[in-house]
Amino acid sequence: MEVKILSAKFDIENSHKLEVAKEHGAYATLEKLFAMEPADVIEEVKKSGLRGRGGAGFPAGVKWSFLPKDTGKPVYLAVNSDESEPATFKDRYILVRDPHMLIEGIIICCYAIGCHDTYIYIRGEYTSQVRILQQAIDEAYEAGYLGDTVAGRDFKLEVTVHRGAGAYVCGEETALLESIEGKKGQPRSKPPFPAVVGLYDCPTIINNVQSIASLPFIIDQGAEAYTAYGTEKSAGTHLFGISGHVEKPGMYELPLGLPVLDVLDKVAGGVWKGRKLKGVIPGGSSTPVLTAEEAKTATLDYESMAEHGTMFGSGGIVVLDDTVDIVALVKNLIDFYHHESCGQCTPCREGLGWMLKITKKILAGGGSSEDIDLLLELCDNIEMKTVCVLSAACTMPVRSYLNKFRHEFEAYVEKGASLQAAGIQG
Amino acid sequence: MTDTIKTQAKTLTATIDSREVLMTEGMTILRAATDAGIYIPSLCHLDCLPDYGGCRLCMVKVENMRGFPTACTTPIAQGMQISTRTDELQQLRREILELLLSEHPYTCLVCRDKKECTEFMHSTRKVGTITGCNFCPNNGTCELQHLVDYLELSEIRFPIVYRNIPPVKDNPFYELDYNLCILCGRCVRICNEERYSEVLAFINRGNAALVGTAFDETQKEAGCEFCGACIDVCPTGSLSEKMGKWVGQPDSSKDTHCSFCGIGCRMTVNTKGKRIVNVGPEPESRHNPHQLCMRGKFIPGDMLHHPDRVTRPHINRQGKWLEVSWDQALDVIAENLKKCSGDQFGLIGSAHDSIENSFVLQKFTRQTMRSANVDLSPATPYPELIRDIHDYYASSGHVTINDILTADSIHVLGAMTQWSHAIIENRIRKAYKAGKQVLVAASIPTRTVEFSTDYQRYGKGCEHIHLHRLTSELAKEKGGERILMIVGDEIINSDRARDNINNLLHLATRSNNRVRLLFLLAEGNRYGATLAGMNPVLLPGFAAARKKGLDTAKMLGRPKAISAIHLIGDLPVGPAIKKLKFFVQHNMFFTPASKFADVFLPLATTWESGGHLVNLEGSLLPLSAMVPGEDQLMTPAGAVNGIAMHMGRKVLFAGSASNPDRQLIPLVEQTLTRGRKRQTGATESPEPRSRSKNGRLTGKTLQKHHFHYLGNSLPDLVPDLAKVLEE
Ligand SMILES: Cc1cc2nc3c(=O)[nH]c(=O)nc-3n(C[C@H](O)[C@H](O)[C@H](O)COP(=O)(O)O)c2cc1C
Ligand code: SF4
Ligand code: SF4
Ligand code: FES
């Protein structure tokens, strides 16, 4: 089932070195790229159906075409490498195992959108990753792939790595821009969108690492080669990080559209220790959970996930076996988002705090059934009523657990202990 | 309202709560609704700050729009159908307010007995920690109280979480109790995006988010300029003036203009009985939307209600002060002054005083005492300075503070605007942020340099060389950008002031108004006082005096130049003072000079008596009496009128001292609008240079020219101020 498009060089020794990467085709598309018109590049990317891999799945080519023309201001590209969503670990592979694919992708994108300054925003905890990435950038500068004359063409491109300081919210695109500007990473109100008013108030495109790294293949082989993978609305391949209760957790590149259970069994070796499946988190902790029953019909693409009331997300699949205590899981989840809230919106700052307190109370055996309802009410009052969707990234999954596993919460309310400990089967 | 440049904004129609409204493109829903008289609750939004959208109270429902957009950030569009007050929205807001208040000591807010309690209980604000409305300096004017009433919130489902943060009291003027903070961010934004002081910030994140300074520095270490803007915008009692906290809830409020510096900011003064509770900027004022400076905001109360204020007349009996009645004091003065008429007498007034007082004071000197020795202290470096500025305005039009924002490039010459004229500094910073050229030249770096595109440092006392180079360079330019020059202390108070200013005026005239000049006059009414005739060579209306008198420097320069002085305020003690035959001081406090005074009179300031002033732009501004003052205080005009009567001379005016002459203010107004015909060749040969060693930007200069009131040193009166000013 696995394919090797993005991960083609991942298993080659020293693939992060320019010399090795070039032997295996790095920067080979530039010849073709510079022969194209920028508008044609955007067209090709649109045709490829490439959707943003940062979580929201917005078509990349379409986003680029939102840039206003002739503003007299510079255009910036910010590559989102904050990768902090729990259970998501895909971009780091690109950074370490094939950074030149990312740099090549950056050149392609910048040529298409007329950008000469790129920032790569990398999460602070990625210390070894940032070192390798920076080495690769330095090598690219030296070899003339970056700098005043990219690949000998009359095209200037500077790439700057900006390290975060450990805040999940800085992955949100406007908080990321604030952070690059040297301010506290706090999301901005939208509109205006960054494509119009972005970094330093200039038009800015923000794309995920994997979105950008997908470009060399699309330009090299053409949009059709890319749409040969995946489904109609979910073209191409994706790096999936599979974790949780499976026999073979890890990062796998797969075409979009495969059945969830097939992937679990055939790629990840099935639920571990021969246990039963309780649920699947399909794309990072912020996506609503699928029950074992729902997982039977779901496939790994944007459409199917939407049909199942959840989201494709960032490719971080978490498998939950039947021993998982959902209430404890929910507490962990809220704890994370509450801690990571930037604190500017009342509902998020205060609301997530109260959700955490109430969940802790339930977990300690002191909750009531009204508390479960209050949690649901809080979810409604917070979701989509804030500046950014960090709060929704918490309430959407929490609501799904409350609705799909309410009996586990009630077990705590009635018996003061988890379903499992109380010996009831879920 | 800020000056808006006329643009061809499109007019749109939308409906708000089924009412059709006409709106301009680019307006937010909140602005449009407010203009149409529809109230939408809001907390974090303020008109003078960039859109934020944090509190989420202003959410509305818009037909065909997903979710609940915030009115304060969503631009209005053609045909929008907006509902602002549905049950669903009110419920949502109630729940947000509940969350907001869950970390605010809310007991009083939702107490069933709060009406009775407010009616029968006094606010007990003299507490270290605020635990409810009745202990809060904001009680009564709080926006949270208003919202709780509006949304009829009667119960909060979450138990109170008291943050238990020790209140910060380590700065001179205000207290910070972040247990009350609702994190609306107004203070942070006004500090960073309006004042550009860049002191306050959000620290921590999520539930632990708080307002603070970077790296936990104190306000002062973080660069606080103590403008107090944060206090003015805070909707809660989280930030409050130290002094006002102890006075109680204000019972009345008046608008006036500040007279500390030449800008004359509009301000609102809240009072209770005879006391000032606090001072706030007037929200819609042209000069200072939501802004004052340290002096205007914090000093009036500290100064007027100072425990050392002298409130009775005194006479000096062999070095001991004897409290006497006004009649007794006036008798002593009359008797002595009768012996010193003519050139033996001199009167030194203050540029903080009103036009009315100034006019009567010079009349007293010239008419009653038949002397021409009348001047201000500190005096201008050459007597005709203000007239030259006036002539310049008359021929080239008035220059206003907001011209700083419309000029293409701004030269800041020898000024310390950060402290001397904070609101001008603010406009300079704004211009810089808007991408204008800001060129600073001074003998020492000031904070303005951080907001400049170019900084040139010249040697101490070498401002004239710099000026010369600059003016000759600019004189060569033909056409081009509009330049505004902000002319500061080092130029105006230099020994070479006359040359410096002539040089600049010459350039301005020759440039056809392409180069314009704004003179940083230090005190509130230097312009008006001079216009009213407080000048040894100029009569009221700037007419040249036939008989020239001695200026302040000369009166004090040589012992026995004159034998009697009537002084308003204070001045530095020199040998001449000690040698006077007779010395009257009319002031608020005993000062070192009082030691040599024969009679001391208690002064009613313009804060207590009102009047008018002319600010550095040449605008006539009214001053209202803020507080009545103690019974025995008298205005300078009232006092000299009394002296004249006791001397058996003609009264100077009949009726009230705050309006001694009904013709006066209309006349001033006329002079200001019509200007005076330029009298070429009327300027006298340069005066010999005074010996003063100013012309340098030092703490002393600041204190001498800017941090005094009627000559009384403010840092001496308010020791905290000294701490703030020390670098
Ligand atoms: C709270 C929050 C955190 C996010 N974190 C990340 C992240 O770590 N990496 C990422 O690529 N996108 C993240 N996003 C999504 C970005 O806002 C943005 O949509 C994305 O970078 C756009 O790139 P794409 O179109 O290539 O997906 C986050 C969004 C939110 C609301
Ligand atoms: S929703 Fe939360 S994280 Fe997002 S801007 Fe508001 S407070 Fe910050
Ligand atoms: S201190 Fe006042 S103005 Fe500042 S954030 Fe808190 S409540 Fe708002
Ligand atoms: S006033 Fe609009 S969100 Fe606060």
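Modeller: A polar contact is a pair of N or O atoms within 3.5 Å; within protein, one must be able to donate a hydrogen and the other to accept it, and residues adjacent in sequence count only if both atoms are side-chain atoms. The model read here is a predicted one, in which local features need pLDDT of at least 70 and side-chain atom pairs count only at pLDDT 80 or more, while totals for chains, interfaces and linings use all residues. Residues are numbered from 1 along each chain as its sequence is written, chains are lettered from A and ligands numbered from 1 in the order in which they are written, and side-chain values use heavy atoms, with hydrogens and water left out.

Colleague: How many residue pairs are in polar contact between chain B and chain A?

Modeller: Between chain B and chain A, 16 residue pairs are in polar contact, with both residues at pLDDT 80 or more. On the side of chain B that touches chain A, helix H2 (residues 87-101) of chain B supplies the largest share, 5 residues; helices (H or I, at least four residues) and strands (E, at least two) are DSSP runs, numbered from the N terminus. That side of chain B divides into 16 nonpolar, 7 polar and 7 charged residues, where Ala, Val, Leu, Ile, Met, Phe, Trp, Tyr, Cys and Pro count as nonpolar, Asp, Glu, Lys and Arg as charged, and the others, Gly among them, as polar.

Colleague: What area do chain B and chain A bury between them?

Modeller: The size of an interface is often given as the accessible area lost when the parts come together. Here chain B and chain A bury about 2,500 Å², 55% of it on carbon and sulfur atoms (the accessible area, with a 1.4 Å probe, that two parts lose on being put together, summed over both). In chain B, the residues that lose the most area to chain A are Leu99(B), Arg205(B) and Asn207(B), together 27% of what that side buries. The contact (heavy atoms within 4.5 Å) takes 30 residues from chain B and 30 residues from chain A.

Colleague: How many salt bridges does the rule find across the interface of chain B and chain A?

Modeller: The rule asks for a side-chain nitrogen of Lys or Arg within 4 Å of a carboxyl oxygen of Asp or Glu, and it finds 2 salt bridges across the interface of chain B and chain A. Arg205(B) and Glu340(A) meet in a salt bridge, at 3.1 Å from N to O. Over all chains the count comes to 51 salt bridges. Another case is Glu178(A) with Arg188(A), whose closest N and O atoms are 2.8 Å apart; this pair links distant parts of the chain, Glu178(A) being in helix H8 (residues 173-180) of chain A and Arg188(A) in the loop between H8 and S4 of chain A, 10 residues apart.

Colleague: In what order do the 4 strands of the open sheet in chain A stand?

Modeller: Two strands pair if DSSP finds at least two bridges between them, and on that basis the order is S3-S2-S1-S4 (chain A), with parallel pairing. Strand S3 (158-163) and strand S4 (204-208) of chain A stand at the edges with a single partner strand each, so one side of each has no neighbour in the sheet. Neighbouring strands of this sheet are turned by 20° against each other on average, direction ignored. Helix H6 (residues 99-113) of chain A packs on the sheet, touching strand S1 (76-81), S2, S3 and S4 of chain A, and its direction makes about 150° with that of S1(A); axes are lines fitted to C-alpha atoms, for helices over the stretch in contact, and angles run from 0 to 180 degrees between N-to-C directions. Strand S2 (residues 117-122) of chain A pairs with S3(A) over 6 bridges, and Thr118(A) has Val159(A) as its bridge partner in S3(A).

Colleague: Where does Tyr200(A) lie?

Modeller: Most residues other than glycine have a negative phi, and most peptide bonds are trans. Tyr200(A) has a positive phi of about 50° and lies in the loop between H8 and S4 of chain A. Pro191(A) is found in the loop between H8 and S4 of chain A, and a cis peptide bond with omega of about -5° joins Lys190(A) to Pro191(A).
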